[in-house]
Amino acid sequence: MDSVARLTFILLFTWIGQISSESIIKLPSENEISGEYCDSWRLAVETNNVGSWNQIPANCVDFVAEYMIGGRYKSDCDVVGKFSSEFAKRVAIGGDGKDAWVFDIDETLLSNVPYYESVGFGSEIFNETSFNDWVNLADAPALPASLNLYRKLQDLGFTIFLLTGRSEHQRNATEANLLFAGYRNWERLILRGPSDQGKSATNFKSEKREELITEGYRIHGSSGDQWSDLWGFAVASRSFKLPNPMYFIA
């Protein structure tokens with residue numbers, strides 16, 4: 001490749017990178033948002049069409065609250081659990097303990113809805129201090145669909161890994177909460193250590209999955225409520241996303 005062609009390629013690559021990294025999506029103004037819009041907005045969030053976002057639209061707070069504490073959230077989680085279970089049944093388990101499934105924790109195994117109910121279901125900017133106080137209570141209930149899937153996977157012979165964005169100093173509270181909620185016999189609970197602080201969730205979780213693959217594990221399935229739980233490199237054969245219209249993590 002001559003110097004002119006090389007320069008053209010570099011400029012084109014840089015331009016594409018700038019386009020992909022810039023936020024060019026504009027939400028409607030508040031007076032355009034109605035109940036019907038909120039339902040469509042939730043779909044756009046789940047399909048990642050919205051991209052990165054910090055708060056739910058103010059006019060959609062009641063809609064999200066009703067979704068989370070009504071029957072629709074539970075029903076949607078049940079459907080995800082059933083699809084996950086059906087896929088798992090089709091996996092040929094090798095019997096060597098290397099057939100793995102990776103779970104996120106928050107809004108995947110454990111539900112923080114009681115906490116988010118107290119802070120407007122995502123209508124307020126995330127407060128790390130108050131959320132950490134909630135985590136330390138170790139009082140989050142299990143998501144029923146996920147607990148059911150978790151137990152089915154263990155019965156099928158999967159090795160379970162828990163991969164969370166929580167930090168290492170929260171290990172004791174996290175383990176206590178998981179046990180209280182009914183989870184048992186996971187292979188490893190992976191949290192952010194000092195060297196993982198500041199990494200995006202996508203990069204951190206990709207690196208940890210890659211380490212598992214290097215150890216010889218076959219990651220057949222992965223469950224999470226954020227695309228950053230599932231995307232990146234060293235991904236599972238199949239990824240299953242649970243609904244979450246309350247917050248977004250990159």
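The model is predicted, so local features are described only at pLDDT of at least 70 and side-chain atom pairs only at pLDDT 80 or more, while totals for chains, interfaces and linings use all residues. Residues are numbered from 1 along each chain as its sequence is written, and side-chain values use heavy atoms, with hydrogens and water left out.

Let us start with strand β1, residues 99-103. Helices (H or I, at least four residues) and strands (E, at least two) are DSSP runs, numbered from the N terminus. Five of the five residues of β1 are buried, so the strand is largely enclosed by the rest of the structure. Here buried means under 20% relative accessible area and exposed over 50%, with partly exposed in between (1.4 Å probe, protein chains only). In a regular strand, side chains alternate between the two faces of the sheet. In β1, Asp99, Trp101 and Phe103 lie on one side and Ala100 and Val102 on the other, and all of them are buried.

What does β1 pair with? Strands count as paired if DSSP finds at least two bridges between them. With strand β4 (residues 218-224), β1 pairs in the parallel sense over five bridges, and Ala100 has Ile219 as its bridge partner there. With strand β2 (residues 159-167), β1 also pairs in the parallel sense, over four bridges; in β2, Leu162 stands opposite Phe103.

The largest one has 55 residues, of which Trp101, Phe103, Ile160, Leu162 and Tyr183 touch the most other members. Helix α3 gives the most to this core, with six residues. Apart from it lies another core, of 10 residues, among them Val102, Phe204, Tyr217 and Ile219.

Contact means heavy atoms within 4.5 Å. Leaving out residues up to four places away in sequence, Trp101 touches residues including Ser84, Phe87, Ala88, Ile160, Gly221 and Phe240.

Ser84, Phe87 and Ala88 are among the buried residues of α4, as are Tyr73, Cys77 and Val80. Seen down the axis of α4, the buried residues fall within an arc of 160 degrees, so they line one face of the helix; the arc is that of the directions from the helix axis to the C-beta atoms. They pack against α3, β1, α7 (144-156), β4 and β5 (238-241). On the other side of α4, Gly71, Lys82, Phe83 and Lys89 are exposed. Cys77 counts as buried because its relative accessibility is 4%.

Which cysteines form a disulfide? Cys38 and Cys60 do, with their sulfur atoms 2.0 Å apart; a disulfide is a pair of cysteine sulfur atoms within 2.5 Å. The pair links distant parts of the chain, 22 residues apart: Cys38 is in helix α2 (residues 35-46) and Cys60 in the loop between α2 and α3 (61-69). The torsion about their S-S bond is about -85 degrees, so the disulfide is left-handed. Both cysteines are buried, and a search of the whole structure finds one disulfide.

Our last stop is Asp196, in the loop between β3 (188-192) and α9 (201-214). Asp196 is buried, with a relative accessible area of 4%. Leaving aside neighbours within four places in sequence, Asp196 is in contact with Leu191, Phe204, Glu207 and Lys208.

Definitions and conventions. A nonpolar core is a set of buried Ala, Val, Leu, Ile, Met, Phe, Trp, Tyr and Cys residues joined through side-chain atoms within 4.5 Å.
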